[in-house]
Amino acid sequence: MNLDAVQLQWKPSRFNAQSDNDEDGLVLYNSYTGAIASFSGEERNRVLECLRPEGAVGDHDAELRSGLIEHGFLVRGDTDELRRAMFLHQSMHAQDTMHLVLLVTEACNFRCNYCYESFPRASMRQEVIEGLEAYMEDRARTLNRLTISWHGGEPLLVPHIIERLSRSFMASCERSGAIYGAEMSTNGYYLTRERFEQMLDLQVERFMVTLDGEGAVHDTRRGLHGGGGTYQTIVDNLLSIKEVDRPFEINLRVNFDNSNLDSVSRFIPVLRNMFGDDPRFKVYFRPVGCMGGENDLNLPVCDERTKDIKIWEFNKQAIAEGLTVSSFISDTLLPTGAVCYAAKPNSLIVGSDGLLYKCSVALEQDNNRLGRIHRDGRLDLDYDKLALWTTSGEETDKDCQACFFRPACQGNHCPLFRMRTGQRPCSYEKRQIKRALQTIWLQNEADEARHSS
Ligand code: SF4
Ligand code: SF4
């Protein structure tokens, strides 16, 4: 079609969401493009005018309108956005990317009071390590990107396994030209500066470390197996890591429930004093949930309303104090950004004994045990179980199909939640989209002020 020959009709995208900001302006978001844009109080009404169905017609405010078109807030009148979303969903089946979550040990040196793991197995077996090396040597040939998540248990109990597998994966990716990257969830107890720099050399550049409050509060929640506090060791490690002059990202996760709401608030200035001057350290507040652990019935978990409110209160306070909030929030708003790895066809969890899983929580659930990896690199996979985890979202859920957040979530934010409750697993970011957008706007404002000072 000759676009110049016709007066194009535009319509607001069905994937738009908006929020006010604190300066009478507007924050706009589109879940299909992932664009987030903020507008001043002066621009606000002009933007809203352009986004009205009838305002999208005509050629007034051409410059503003072309910006809205470029970022997907306005789409051509004949665009079938539902088909676009379906196509995006299918694109997750592309074979050129892979994400492996490796449980290099299922043992842990901590016993957190809300933990759901049962620690049945220890270090990754030799035949599993060899199997992973052989599998990736072959698989990397068809990959553009490989991402490894080092998990446990506590992965730093077995740094020699991480080193061996990292070197093998890096070599396989280098031979095939695939991009390699890795991240790690660790309790931080063994994350000394020396160990940290070794991990950076192995291309682990994004870490998640949990601190649940000041010393005594953290220690009652996240003590050592066999007793003893962990706070001071973790903090000492983090402060020594701060001296490392290399790029990295450490997300300081703060878990909250009814028993530590006040102490989290008091902890934010403490974190600010330690890490407020270094945006490589970011904070990430998350509510404790009942995940099937033996202590579930005794956990003082917050109700849904409290969780939804507190997350954003803590984030707002943290930004006001000068901390940087984790990019996990803005990442969740990207296309496919809220989809759990369990729902992604090219993502697998490998247990220390070689069992293959989709979900890292329900390790004992039969339909989450998909098969195993063999010493020669062969994968035995039950494709019916694989399909169960990867097709339970927007394919059959009419509400998800109509949801403004569909391109980001695809009905798959947590397949386990849907399986166990029969309900839609909407994320906090979707349920509280206005607060999420305000938080991102506040962080951007703070970043700009930091850069200009
Ligand atoms: S399915 Fe749910 S519980 Fe399992 S890993 Fe994904 S988000 Fe976590
Ligand atoms: S699970 Fe919730 S957020 Fe996700 S697509 Fe469905 S309705 Fe939307």
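## Hairpins of the sheet

Strands S2 and S3 form a hairpin with five residues between them, and Asp-24 in its turn has a positive phi of about 60°. Strands here are DSSP runs of E with at least two residues, helices are runs of H or I with at least four, and both are numbered from the N terminus. The model is predicted: local features need pLDDT of at least 70, side-chain atom pairs count only at pLDDT 80 or more, and totals for chains, interfaces and linings use all residues. Residues are numbered from 1 along each chain as its sequence is written, while chains are lettered from A and ligands numbered from 1 in the order in which they are written.

S2 and S3 pair in the antiparallel sense over five bridges (pairing requires at least two DSSP bridges), and Asn-16 has Asn-30 of S3 as its bridge partner. The hairpin of S3 and S4 also has five residues between the strands, with Gly-34 at a positive phi near 80°.

The three strands form an open antiparallel sheet in the order S2-S3-S4. S2 (16-20) and S4 (36-39) each have a single partner strand, so one side of each is left without a neighbour in the sheet.

## Burial of S3

Five of the five residues of S3 are buried, so this strand is largely enclosed by the rest of the structure (buried: 20 or more other C-beta atoms, placed from the backbone, within 10 Å of the residue's own; exposed: 12 or fewer; partly exposed: in between). Leu-26, Leu-28 and Asn-30 point one way, Val-27 and Tyr-29 the other.
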